[in-house]
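Subject: Structure for you to look at

Hello,

Here is the structure I promised to hand over. Please open it first, then read my notes below.

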Amino acid sequence: MAHRPLADVVDETLADIGDRAVGLDLVEPSEDAEDEVIAWWFDRINDPRTGLHERMVWYWHGHFTTAIDNVGAVLMWEQHRLVRKHALGNFRTLTKAMLEDGAMLVYLDGDGSQGEQPNENLARELMELFTLGVGNYTEDDVKAAARALSGYWVDWDTAEVTFEPAEHYDRPIQFLGSRSRFSAADIADALCDQTACARHVARRLHRHLVGVDPDDNHLDRLAAVFRGADLEILPLVEAIVRGDSFWANHRSRPRQPVEWLIAATAALGADNIEFDPWELEVSGQVPFNPPNVAGWPEGDRWVGGSQVLGRISHVLQLSREEIIDTNIEPTVDAVLERCSIWDISDATRAALDGAARDQPEYAQRLELLFALTLASPEFALA
Amino acid sequence: MTTPHTLNRRQVLTMMGLGGGVAAATGYGLLSPRNNGDLSSFLPRPTGMFASATVPVAEPIVATNNIGNRLLVVVELRGGNDGLATVIPESGRLRDMRPNLLGFSATEPVPFADGTRLHPGLAPIRDRGLAIVQGVGTSNPDGSHFEMETRWWEGDGSGQAGLRTGFLGRLCDELDIGAPITGLSLGAGNTPFLIAEKATTVGLPDPWAGWFLNEVGPWYENLRRGLERLGADALGESARFMAARSGIDNTLAFGQVLGSLDDDDEGDRGFPETELGYQLGLAAGLLDSNLGVRVLHVPFDGFDTHDDQADDHNEMMNDLGACLAALQDDLASRGLADQTLIMTTSEFGRRPEENGSGTDHGTAGPGLLCGPVVAGLHGDAPDLNALDDDGNLVATMMVEEYYATIAEGWFGIPAASVLADGAPTNGFGADLFST
């Protein structure tokens, strides 16, 4: 089998980030159009014209989490436009925009928070999850930031966000060691200036793209790249993907259900199939609807039994709808090739060979080999 | 490094994909050496334990003496339940701190014990016998959901013990007699709460997704045989591969769960038509099956009431009270009432001072226990006049002590074998239970 240098493929990926505007103007959702919005995005993720940009839209959706169940389609859509705009832009700009985003304000209770009696939810998650990570701020910082983030009101119908100076806490606060009056943008600046911020974002993004945390040396390098680029996002992505850890951790990244489904339907030859997005619910992942403010959970959860259950159910459903490309030879090698598995383990190979022997009948054997290959550890781990 | 010629840009994107995660916690961590059942260090608290003047319970349940048959249902109130709107002290101080939230929208708090009322939604379980362990929390609390959830799941209030298993998982290890499934979580898949070393513990999202595991015919048999081979341990593989193989193995265990559910269980057994009611209805059927389940966990989401607390918390309390009462009645009709303890957990309580329409993250909160329990208040209520520097309650009982009570008092398992070295393990022991 001919081999290409990895660097070429990475170059190609980084050079062609995909069409960031694909179909963006096609949807202007009404309030009850949640299914429509979710389906639209799923189609974009599945669209071969999209690329790295779409990957990063997906990432930021989990980083700056908001759930459509809580905020509805109109606000969610406005936030999505914002994420699409900044996905490969600047982290500081993105953070500032998020602090004035209606969906975020509603999701984390910044909407209507008043300076004298502020709601702490947004302030805490902003520091814990979005910018610094636990241990890099105090409870007093949470309380101070909550005051500084007060004064915003969201109109649910129009997605319009207004700032009421009278509701904002405009006296000086003590925040991260300095005493001053702070606006929401000042809070974002102060957070982005912390060295902990570049490290936190670099660690989270590395974990997302590579599957594991970077070691300390690599994290230092990534954070230095990120800071050196004034928190521009693309240089950080590039440093992660060109880093040794990216390949060294091959098959350490559990595929999340949406990714698994896209890869699986492509392998089966069903690239253009239409899904009811809520069918994804059984797999535990509906775009725009993460389970809590930490975004999509990480780690072994995505290879657990409940995932296998949902996946096999899906494969069987697809094969029942006769979408498997029957031109594929019902052999183990042909199915592995379709599934882009070139490094199969002995144990999985033995299981598939056994299944091929057990099931002599042609079409049924193909279906069985697909079901088992798509359930295998090799396919569950990208 | 080179790659196969089939690898293209799209596959590289897929590889960078949507997965991610920290180092595996697959349940191979080790606890400190067991202390071989030595109970001598365990002394019940001498005073202040027992409730007085509690609203009387019509027919208290007496626990079975057969300790080897005892079962545990854990309802996890996720998001941080507001304990002060659940078990409500009749306190002027609280009224001052809660100008908007103390008036319940529909009904008034109902009497419970001296100086303490209950959310009215809990009246059905009060009337069936409700024990409340007051002020459960940690000595060095954190405001983060995720940090505190982890401490509660691991049974490590300090967050410093570095346990790799969950408290419920370790209970299952102690209770394990080789049953098909000792610990089971319903509704949200796997939970770190149930990570065990040797017992089989599984998390089940929607049981009907596994329909194919009990289909008959040669193709389905071949599928199951193939999954069995894929799920078997293979030598020398990475932690992630091992986790993936054990996930496949667990899938086959789901088949047993499904096979053991009676058709009867689909009928009307009186559970409310809510998500919690559905899961608890399944729970009762599974506890009554031949799987050998001893510990059953059901998450109940939505308690992070920063906003709209009056409506949201009210609704959840009503749901909780109605569902737990239905569960108790159903267990009674199955003859399991004297074997089954129901308890709640929540990662933290909420700030006594409201924020206008809700409450922010707090610290200690009450644990609710239903079944063969000594009804009433247990332990001391946190002092509303002695809050910590963040304006939060100071816990009067450590989460480990709460857990030690379950381990020792309910299951007869020495606390030291399921909690970290040096953890506080005073609790109520068997005194909390009605025998």
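Four salt bridges cross the interface of chain B and chain A, by the rule used. Bear in mind that this is a predicted model. One bridge to look up joins Glu120(A) to Arg351(B). Their closest N and O atoms are 2.8 Å apart.

How much area do the two chains bury between them? About 7200 Å². Carbon and sulfur atoms account for 61% of that. In residues, 74 of chain B are in contact with 93 of chain A.

Sorted by class, the contact of H18(A) with H6(B) has eight nonpolar residues, three polar and one charged.

Now a pair within chain A. Helix H11 (residues 216-228) packs against helix H12 (residues 233-242) at about 155°. The axes of these two helices are 8 Å apart. Over 145 degrees counts as roughly antiparallel, and H11(A) and H12(A) are therefore roughly antiparallel to each other. The crossing of H11(A) and H12(A) is right-handed.

On the H11(A) side, the contact is made by His218(A), Leu222(A), Val225(A) and Phe226(A). On the H12(A) side are Ile233(A), Pro235(A), Leu236(A), Ala239(A) and Ile240(A). By class, the contact of H11(A) with H12(A) has eight nonpolar residues, one polar and no charged ones.

Back to salt bridges. How many turn up over all chains? A search of the whole structure gives 32. One within chain A pairs the side chains of Asp343(A) and Arg251(A), at 2.9 Å from N to O. This pair links distant parts of the chain, 92 residues apart. Asp343(A) sits in the loop between helix H16 (332-338) and helix H17 (346-358) of chain A. Arg251(A) is in the loop between helix H13 (244-248) and helix H14 (257-268) of chain A.

Best wishes

Definitions and conventions
Residues numbered from 1 in each chain as written. Chains lettered and ligands numbered in written order. Predicted model: local features only at pLDDT ≥ 70, side-chain atom pairs only at ≥ 80, totals over all residues. Heavy atoms only, no water. Nonpolar A, V, L, I, M, F, W, Y, C, P; charged D, E, K, R; others polar. Contact = heavy atoms within 4.5 Å. Buried area = accessible area lost by both parts, 1.4 Å probe. Axes fitted to C-alpha atoms, helices over the stretch in contact; angles between N-to-C directions. Helix = DSSP H or I, 4+ residues; strand = E, 2+ residues; numbered from the N terminus. Parallel < 35°, antiparallel > 145°, perpendicular 65-115°, else oblique. Left-handed = near helix turned anticlockwise from the far one by under 90°.
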